[in-house]
2 protein chains.
Amino acid sequence: MIPQPVLDPQSEVPLYRQLQQHFADLIRSGILSNGERLPATRELAGQLGLNRTTVSAAYELLESSGLITGHVGRGSFVTAAGGGNAPGLDWEALLPAPIPAAGPVLGRDGISFATSRPAEELFPLDDMRVSCNEVLQSEGLASILQLGSPAGFEPLRRHLLAEGRQQGMVKPGDDLIVTSGCQQALDLVARVLIRSGDKVVLEDPVYPGLKNLLAQAGAQLLGVPVGSDGMELDHLERVMRRERPKLLVVTSDFQNPTGATLPPESRSTVLRLARECGTIVIENDLYGALRYEGEPIPSLKQMDESGHTILLRSFSKIAFPGLRVGWVIGPRAPLARLLQSKQLCDLHTDQFSQAVLLQFAESGRLAAHLTRMLKAGAERLHTALAACARYLPAGSKFTRPQGGMNLWVRLPEPLDAGELLPRVQRDNVAYLPGKFFAVSRPETGSFRLSFAGVSPALIDKGIAILGDIFRRELERTRSADAFEPAQAMV
Amino acid sequence: MIPQPVLDPQSEVPLYRQLQQHFADLIRSGILSNGERLPATRELAGQLGLNRTTVSAAYELLESSGLITGHVGRGSFVTAAGGGNAPGLDWEALLPAPIPAAGPVLGRDGISFATSRPAEELFPLDDMRVSCNEVLQSEGLASILQLGSPAGFEPLRRHLLAEGRQQGMVKPGDDLIVTSGCQQALDLVARVLIRSGDKVVLEDPVYPGLKNLLAQAGAQLLGVPVGSDGMELDHLERVMRRERPKLLVVTSDFQNPTGATLPPESRSTVLRLARECGTIVIENDLYGALRYEGEPIPSLKQMDESGHTILLRSFSKIAFPGLRVGWVIGPRAPLARLLQSKQLCDLHTDQFSQAVLLQFAESGRLAAHLTRMLKAGAERLHTALAACARYLPAGSKFTRPQGGMNLWVRLPEPLDAGELLPRVQRDNVAYLPGKFFAVSRPETGSFRLSFAGVSPALIDKGIAILGDIFRRELERTRSADAFEPAQAMV
């Protein structure tokens, strides 16, 4: 006689699962033994006053975990095997190679120069609350929460189009798509425009999230060295003429990681080369709005009269990265394909955040926030530059951007920024070593110093700690050299 | 003498752009003529009290639009060409083939059965406002707006993991990633698991966003016909044994478009076949929570003890699709790769919406909303079934799901649901014809009727209109047959 289960119809655990648990316990505890026949589903359903499907479901669970075996027409029997040891998949054989991961992790108290992101303490939370509440009180709330359009929340699209036209970013024949941040725009570009083996020119060093994405898409990456004035033009011209690449990806203002900005005359050259070589220009303008000093320079998109340029912009660096809203501007033909790809990727970008950011922008709160960010950014930039000059050992070099979030530091030989990172992290400081950014020229002595998210006091303190570690390491290696026994001349 | 520009430093238009506009106007109006030399940048900057970079920027813009040409050492000269007619890119040669678009568009007053989405008028807006305000008032607001983790907002992840464990969806060794809706989860699966030529078994008919995605990823699609009990098992078994596919994508409950549900014993068979063939099962459980009647059936993920199944779920059908939050549960090995891919796709999913949905769920508001949705869904389902029985012409067939959002209607011969759509839309009704869902067996007489987003009154009215059109069309074709002159026998 098989013990009857006690089932609780009020429980959150469904009945079939209670029933399955009952039999699994009986089998695992040996009360039901190998070969023993379970009651027929119809019979047990009748006894317990259950739907027959419920009993079947419980039996199916037992069978799939190997505790019973069903035989058509004969019923279900306990099998000796017991559960949980069914042969699994060999996942590693089915999966692609992992992507090399970047990025040190620090505790909350650390000073992290490792992430290119805005300062959390500068977020205008009250303005965000007001903008959010305006959306929550708006008549359109229900339709904002409903499925939307892949091109973006239409009022935000119209706002960005109008702004882009006023700035000369949107040309006749251009269109605009809202994306889930700039990263998704890069991804859509890679999906639509890259076929395996396509040649893509990019800055070297460059943002790892761009490099890895293009590599995954099968692109052949051609790095052009970046100096303090952006890509080296002679090198770029040689590569472009020789390789006739399909794409050129460029960050004209305050490039990540170097902070370098392309001068106006170089921009003309880039556009001329793109025209001559039939190359599509992807302008990743993530930092252009964060100019702390100097005159603004027109973007490639603004200068481009031949429709070669696709422009990527975002709210992530000027407002709230956690909301993941960016946009793409470019000629209608490629944008129509990006739109199809966008729909397959995630249907559309979160509409609530789009509506909130529209409110934030249209109310003038974004402009006010940007003014404060520019002031704070200038102070942070100057603090970082002064601290680098003061604390870094002689022979160190660093870029002097006029905006953005990043400096690029080159340490004197033989220091290796990657090797020194664990030492630096022990003192609760972090940066991202140069190797993560290399396309084809790893600069072991370099690292990115992302200053914008760190307060001036901590910037000074953190760079002082770095300087101290670097100086002592230099002294150590030099004194080691000094005491190294002379090599035998053979 | 070249007229001096009047520049406004207070204007929102940057100085370089004002300067560029000034010269462009002079050239286009003929005041400056072909071959005329512009002042040197240094000279003009001095005259106007501008930074030299500003003047250079203006000249670069003029040059890139073809209005002037610069010669090193000699200066810049007006060129006759005029702007705007630089040779463009041949975009069509550079772009992939477009994806066939689906979906009729209707005005606001229409009755659309074309979209599988929840009813907007049932959205609990006050509960949403409260949840949102709780997030806005929370201490963690600033970090929610900051850059987050690719795996998802950690408190939401923990909530979903705990819920999944309680439901037996999360097994030991499983992990969970938050995605931008189910669509992104499908996309990540395709990216990570599909190489060109890989074989994928899927239901036929199936959701076009899945089919198109897999096709784009280069998969070889193997459709298994779906009957009222889901995939035909004999067919599935033959295909699985012959092809040993890499992936099997299945919607066990209330499949889109048919509404069909796989019975418990079929689920066991699916899992057994997957184990025997080394196939990964992707269970797209978008509708499982929307069971209006009948006993719940354990999901493949719940039944699977061998770790072959990756489960996709979402807030889109049970809460707010506009917020784009879904999640994936599966063994750690594949999820680690999905996570890397997720990071390249969009860094992470909107954190604000994740936080709001967590608040919505943890407060019990989601459960309360779901209760109301199940009640309303049941009424809509019954109304749709009754209206189909009452209004559709004799010989029509339709599925009878116990939940979800969709019915599948087969019209009697020779009606073609695709051809009839424009006629139907003239009467302000819409559905999605069967051809959009076909993997390899286009059912011209079929269409998807998405009832969940339409009020009972409009469901009845809309199906009455459809029935009327179909009946008249049937009469027309039959009378046309009757009057068709007999064919000459040759």
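Residues are numbered from 1 along each chain as its sequence is written, and chains are lettered from A, and ligands numbered from 1, in the order in which they are written. As the model is predicted, local features need pLDDT of at least 70 and side-chain atom pairs count only at pLDDT 80 or more, while totals for chains, interfaces and linings use all residues.

Trainee: How many Å separate the centres of domain 1 and domain 3 of chain A?

Mentor: Domain bounds come from an automatic or database domain assignment. In chain A, domain 1 covers 15–78, domain 2 covers 111–115 + 367–478, and domain 3 covers 124–365. Taken over C-alpha atoms, the centres of domain 1 and domain 3 of chain A are separated by 58 Å.

Trainee: Which residue of strand 11 of chain A stands opposite Ile177(A)?

Mentor: Strands (E, at least two residues) are DSSP runs, numbered from the N terminus, and two strands pair if DSSP finds at least two bridges between them. Strand 4 (residues 174–179) of chain A pairs with strand 11 (residues 326–331) of chain A over six bridges, in the antiparallel sense. Opposite Ile177(A) stands Val328(A).

Trainee: Is Ala389(A) buried or exposed?

Mentor: A residue is buried if 20 or more other C-beta atoms, placed from the backbone, lie within 10 Å of its own, exposed if 12 or fewer, and partly exposed in between. Ala389(A) lies in helix 15 (residues 365–391) of chain A; a helix is a DSSP run of H or I with at least four residues. Because Ala389(A) has 12 C-beta neighbours inside 10 Å, Ala389(A) counts as exposed.

Trainee: Which C-alpha of chain B is nearest the axis?

Mentor: Copies are superposed by least squares on the C-alpha atoms of residues with pLDDT of at least 70 in both. A rotation of 180° with 0.1 Å of shift along its axis brings chain B onto chain A, with an RMSD of 0.1 Å. The two copies are therefore related as by a two-fold rotation axis. At 3.6 Å from this axis, the nearest C-alpha in chain B is that of Asp350(B).

Trainee: Which helix gives the largest share of the side of chain B that touches chain A?

Mentor: Two residues are in contact if their C-beta atoms, placed from the backbone, lie within 7 Å. By this rule, 92 residues of chain B are in contact with 95 residues of chain A. The largest share on the chain B side is eight residues, from helix 3 (residues 52–64) of chain B.
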